[in-house]
Amino acid sequence: MQLFLLLAVGAIGAAVSAWGLARDGRAARAGAIGGGIALLVLIALTFTLGTPAPRTSGGDGSAGAIAGGLFDGRLVPTAYLRLTLGVWGLDAAVLTCLAWLLGGLPRLRGVLPGTLAAMTGGVVVLASADLAVGAAAATATGLAALMAVPPSRGRSAVAAAARELRLTLAVGAVLLAVVAVAPLIAALTLSAAHTTSGTVDGGAAAATTAGASAMLGLAALAVTLGVGARLGAIPFHLRFSRLADAASPIDLPLLLAWLAVPVVVAGLAIVDGQIAPLALPLEGDRVVVIAVALVTMAGAALAAFAQDDLRHAAGYLVIADGGLVLLGFAALDPAAWGPARVWLVAMAASKTALIAWAAVAEDRFGTRSVPDLRGWLRRSPILAAGLMVTIVATYGIPGWVAFEARGTLARLAVDAPWDALLVLAGFLTLPTYLRLVALGAGAPTSKVDAAAPERIVRRRGEGVSLLKETLDVELEGPPPDAPGGPVGEATLDVVPDDAVGAVAPGRGRPAHGPSRRRVAAVVAGWSHDGTRGAGRLGGTLRRDRTELMAAAVLALAILAALTSWGALDIAGAAAEPAPITAGPAGD
Amino acid sequence: MTSVLIALAALVAAGGALAISAREPRLAALGTLVALLGSAYVADPLPGPLVLGARLVGAVLAGYLVWIALRRAPAPLPPRGIRVPGSLAIAVAAFSAGWLTATTLAATLAVGPGDGPSTAGAATALAAGSLVPRAALGASFALVVLAAGPVLIARDVLRLGLGLLLLIAAAGLAGNALGVGGDAPADLALAVLIALAGAAVAAVITGSLRTTGELDLPRGTDRETAVRHRAADEAHRRVDH
């Protein structure tokens, strides 16, 4: 029943928020409130999800079917579902607040309905006891990308949406085809292998075995490359950069990190459930996947270091970490099931924090150029703490589940001493993080200098003066490119200086022209929220916007660190045999 | 009944050919609808009425959404790629290849595993000598080959979207031909996926028509916020007031 409620709340919330936020005024407010409530209910339901149904073991001692759940055991709640959805939901709640702080309701148009729709699809994938259902649901989940990059936003959005559509449906078709074909080929392989060991026409049977093995290898490779394409693995990495340009920065965690989770889980289930148990000699295919993973980790780390565009650098950091996920496929060993799923959630959580940090930095300092961010750390201690914790969450500490997962995946993929090379490749992104930190400690650039330092302003008088000034600016008339129409993204990005900081009281520095435009732009976005009704709380939120945004990043980073540490026994939950590999109770 | 289903498989392949080559956008959408609708029924044994109804609704919804998205589409489309006779020829060739592949598989299955592990469950109808799975695999091959061009070398959003819908239909046909069969939840999930995919294709087509007034896929990165690449020492210097 709770599973059904999860699906119903998620679907209704996504529909309501998509409908409302596509409009202005009351409808937009209603959509945002409806979506927000649905998200909170979803989180509550997730954490109170009943204990996973007890597994009924097979008579021969093998893993048996799972009893209970929806549709005659076709959808079964699991601990991994609970934890993954819980982390995703908490991330989404913080991101939603962050999006509102960044630009009011227009910024929620993508992230809120898109996340709710994706979480609903994710529930089906993670609870599915049927590979075909899981593959179809994972494909449908990927279509949520079109809610975050609506093709009506401009030419680049049309191109980005078309790319997302192509990737999602093409990968989905591959998954569905492999699910359909693999059982037959596996059966042929097994029967031919049995014949080979017997006395009947061993030569022909050996040829059949080799042919079927090759086809299964190709099927595993197709699934892995499809998943790799979703993760942005090299050579499919260009999509990430273009997506980063076309989408709002606050939508990128969903697009780059979380939407990959259902597809990876479904792909892992197909490979680990249908191909890996056969223990076929697929060394050639494994080498290809390992090479792709290694090139992805090294190449993306290098690209991230060389990039001067903050969004692109963050995107490449996501790609580099995605390379580790591919090692779970390269292992072709059911033992990789647990570590790969642990790393998947830890990666999504840590990259969410990273991308949120980049979005806030871009908004505060009015630039996407990394060199222009010199000195950012001095002006933003809370934001700096957020990045530091994100770095810790990314790599983990010996004993943390994310750190152990790195080593385990490398060991399962290749033998010693080559596993050390893969582990090392996983740390190649460290110089990029160090570059950001070192750059932040330098002398501030004019852009950084113009932004206000973080400090909580609590005195009423100052707050009132700030509000007055922002509203004065609003009365002067919003800039022609203020968000309010369907396009609000680029305008916010190109207007420099921080809105609140530029007029922060007590700083003794008048707001610059661009700052005033910036304030007007943000207020224009907030005006959709009915600012008068918000009262003192709204004023406080505006006044402390800078600190609140940094605190949101820190909260995301702490959540990522907890995930990386292994809170709530995520390692145990990830390692449990999922219903998608055990089959429904009805079978 | 078998001959009807084989004819339906041929019709599915013909619909796919029409989808990728017709110059009238709505004719192309109609071809896709035929392919989506027919792909649910080329199965042996036929699924239950609930599943067939769901697939019918999913396919019709997808086709309808694409259809109404094309209201303002320019027609006819500029001549590009292969024409209808060429695509029909490709469909026939791919259909034959799929049929022959299925025949080979059936022959392998007919030899039997002896006393080894059984292939029971997978491709039961094919092993039993039914012609419907062969037709289903033939249609699946035809749709994959036809869709490959528009999907891999996408030049307009209409052909790309229709090609992707054909790929999903082809995956469903492969499941009909080689899968276990009779898996109602999987068929229902596929029906939902087809409907959602149709909605997504329609959204992209509508967005393209609203933004550019045409169906051509925009090229180039078209970055709205340019970031100049430069060395760190070129960044803005601190200015003391």
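Predicted model: local features only at pLDDT ≥ 70, side-chain atom pairs only at ≥ 80, totals over all residues.
**Figure 1. Helix α3 of chain A, residues 79-103**. At 1.5 Å a residue, the 25 residues of this helix should span 36 Å, and the end C-alpha atoms are 36 Å apart, which agrees. The expected span is 1.5 Å times one less than the number of residues. Helices (H or I, at least four residues) and strands (E, at least two) are DSSP runs, numbered from the N terminus. Because 22 of its 25 residues are buried, α3(A) is largely enclosed by the rest of the structure. A residue is buried if 20 or more other C-beta atoms lie within 10 Å of its own, exposed if 12 or fewer, and partly exposed in between, with C-beta atoms placed from the backbone. Residues are numbered from 1 along each chain as its sequence is written, while chains are lettered from A and ligands numbered from 1 in the order in which they are written.

**Figure 2. Helices α5 and α11 of chain A**. The axes of α5 (residues 131-142) and α11 (residues 260-275) come within 8 Å and cross at roughly 155 degrees. Axes are lines fitted to C-alpha atoms, for helices over the stretch in contact, and angles run from 0 to 180 degrees between N-to-C directions. α5(A) and α11(A) are therefore roughly antiparallel. Angles under 35 degrees count as roughly parallel, over 145 as roughly antiparallel, 65 to 115 as roughly perpendicular and the rest as oblique. The crossing of α5(A) and α11(A) is left-handed. A left-handed crossing has the near helix turned anticlockwise from the far one by less than a right angle; clockwise gives right-handed. From α5(A), the contact residues include Leu131(A), Ala135(A) and Ala138(A); from α11(A), they include Val263(A), Ala266(A) and Ile270(A). By class, the contact of α5(A) with α11(A) has nine nonpolar, four polar and no charged residues. Ala, Val, Leu, Ile, Met, Phe, Trp, Tyr, Cys and Pro count as nonpolar, Asp, Glu, Lys and Arg as charged, and the others, Gly among them, as polar.

**Figure 3. Ile270(A) in helix α11 of chain A**. Ile270(A) is buried, with 31 other C-beta atoms within 10 Å. Not counting residues up to four places away in sequence, Ile270(A) touches Leu131(A), Leu175(A), Val178(A), Val179(A) and Val223(A). Contact here has C-beta atoms, placed from the backbone, within 7 Å. Glu454(A) is 184 residues from Ile270(A) along the chain, with 48 Å between the C-alpha atoms.

**Figure 4. Two loops of chain A, at Pro235(A) and Leu332(A).** Most residues other than glycine have a negative phi, and most peptide bonds are trans. The bond from Ile234(A) to Pro235(A) is cis, with omega near 20 degrees. Pro235(A) lies in the loop between α8 (202-231) and α9 (238-246). Leu332(A) is not a glycine, yet has a positive phi of about 45 degrees. Its loop runs between α13 (310-330) and α14 (337-365). Leu332(A) is buried, with 25 other C-beta atoms within 10 Å.

**Figure 5. Helix α7 of chain B with α1(B) and α8(B).** The axes of α1 (residues 2-21) and α7 (residues 157-178) come within 9 Å and cross at roughly 160 degrees. α1(B) and α7(B) are therefore roughly antiparallel. Their crossing is left-handed. Gly16(B), Ala19(B) and Ile20(B) of α1(B) meet Arg159(B), Leu162(B), Gly163(B) and Leu166(B) of α7(B). This contact has four nonpolar, two polar and one charged residues. The axes of α7(B) and α8 (residues 184-212) come within 9 Å and cross at roughly 175 degrees. That makes α7(B) roughly antiparallel to α8(B). Contact residues include Leu158(B), Leu165(B) and Ile168(B) of α7(B) and Leu193(B), Ala197(B) and Val201(B) of α8(B). The contact of α7(B) with α8(B) has 12 nonpolar, four polar and no charged residues.

**Figure 6. Helix α6 and the cis bond at Pro45(B) in chain B.** Chain B comes to eight helices and zero strands. Buried residues make up 55% of its 241 residues. In α6(B) (residues 132-152), 18 of 21 residues are buried. At 1.5 Å a residue, α6(B) should span 30 Å; its end C-alpha atoms are 30 Å apart, which agrees. The peptide bond from Asp44(B) to Pro45(B) is cis, with omega near 0 degrees. Pro45(B) is in the loop between α2 (25-39) and α3 (49-69).

Methods
Contact = placed C-beta atoms within 7 Å.
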